[in-house]
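Here is a short briefing on the sheets, helix packing and aromatic pairs of one model. Keep the structure open while reading.

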Amino acid sequence: MALITVSDLSLGYDRSTIVENLNFTVNAGDYLYVVGENGSGKTTLMKTLLGLCEPLAGQIVIGEGLARNEIGYLPQQTLTQRDFPASVMEIVLSGCQNRTGLRPFYSRKEKKLAEENLARMGISDLAGSCYRKLSGGQQQRVLLARALCATGKVLLLDEPVAGLDPVVTAQMYELIAQLNKEGITIIMISHDIDAAREYASHILHIGDRVFFGTREEYINAGGAAYTMLQSRKGVTA
């Protein structure tokens, strides 16, 4: 059974529709890129998958064995969030909040999980550092470690390389690809069609044209969507 099944989904705000009739499935191990122009509804889709927004129509079915609170989320950062005055370990541990229930403290197991995910991101040495003093790439690794504390199954990533230099961007792409190879299902918003061609298993294009299929099907279609995104790659969401 699919982890996530989306049927005839329409998204928007205050009854104003942004995109409609979305249909796609996400299976365990998929690496889905969500692409499209600014304002096409990509971030709204992410928030709807997380249950933070209500759809205007249609439905989202979460498969057996997956709960919404088991989906890790890395949103786009705001300037205020980049300047958050907390330690790296405090931020990573906060990803375990869905595990603590009513407990007002983190267990030894949760602290160990945070340490493991810091090591997984190659930033164990930054555990005691102040988050606000880190580079953009280091901050994204911290937030990815935090998201991994929330899930071992599905990660939703909203433009995780936005604002990063080319070298750090390439490192982040490889890091996310490795997580996918380890069995974590990835759903990523991106404008980088070249990265989608290299890493995606499936592509969902939303906007005036809606497409869902494998990476090969998307490229072989050779349509306006691919041409448009090639000309606009690198535009922030």
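An open sheet is formed by 6 strands in the order S5-S6-S7-S3-S8-S9, with mixed pairing. Strands pair if DSSP finds at least two bridges between them. Helices (H or I, at least four residues) and strands (E, at least two) are DSSP runs, numbered from the N terminus.

This is a predicted model: local features need pLDDT of at least 70, side-chain atom pairs count only at pLDDT 80 or more, and totals for chains, interfaces and linings use all residues. Residues are numbered from 1 along each chain as its sequence is written, and side-chain values use heavy atoms, with hydrogens and water left out.

**The mixed sheet**
- Strand S5 (71–74) and strand S9 (211–214) are the edges; each has a single partner strand, so one side of each lacks a neighbour in the sheet.
- From one strand to the next, the twist averages 15°. Angles run from 0 to 180 degrees between N-to-C directions, and axes are lines fitted to C-alpha atoms, for helices over the stretch in contact.
- Strand S3 (residues 31–35) runs parallel to strand S8 (residues 202–205), joined by 4 bridges. Tyr33 has Ile203 as its bridge partner in S8.
- Helix H1 (residues 42–49) packs on this sheet, touching S3, S5, strand S6 (154–158), strand S7 (185–189) and S8. Contact means heavy atoms within 4.5 Å. The direction of H1 makes about 145° with that of S7.
- Helix H6 (residues 136–150) also packs here, touching S5 and S6, at about 165° to the direction of S5.

**The antiparallel sheet**
- 3 strands form an open sheet in the order S2-S1-S4, with antiparallel pairing.
- S2 and strand S4 (57–62) are the edge strands, each pairing on one side only.
- Neighbouring strands are turned by 25° against each other on average, direction ignored.
- Strand S1 (residues 4–13) pairs with S4 over 5 bridges. Thr5 has Val61 as its bridge partner in S4.
- H1 packs on this sheet, touching S1, S2 and S4, at about 120° to the direction of S1.

**Helices H5 and H6**
- The axes of helix H5 (residues 108–120) and H6 come within 9 Å and cross at roughly 135°.
- Leu113, Ala114, Asn117, Leu118 and Arg120 in H5 meet Ala145, Leu148 and Cys149 in H6.

**Aromatic pairs**
- The whole structure holds 4 aromatic pairs. Rings of Phe, Tyr and Trp (its six-membered ring) pair if their centres lie within 6.5 Å; planes under 30 degrees apart count as stacked, over 60 as edge-to-face and the rest as tilted.
- Phe24 and Phe212 have ring centres 5.9 Å apart and planes at 45°, so the pair is tilted.
- Phe24 lies in strand S2 (residues 16–26) and Phe212 in strand S9, so the pair ties together parts 188 residues apart in sequence.
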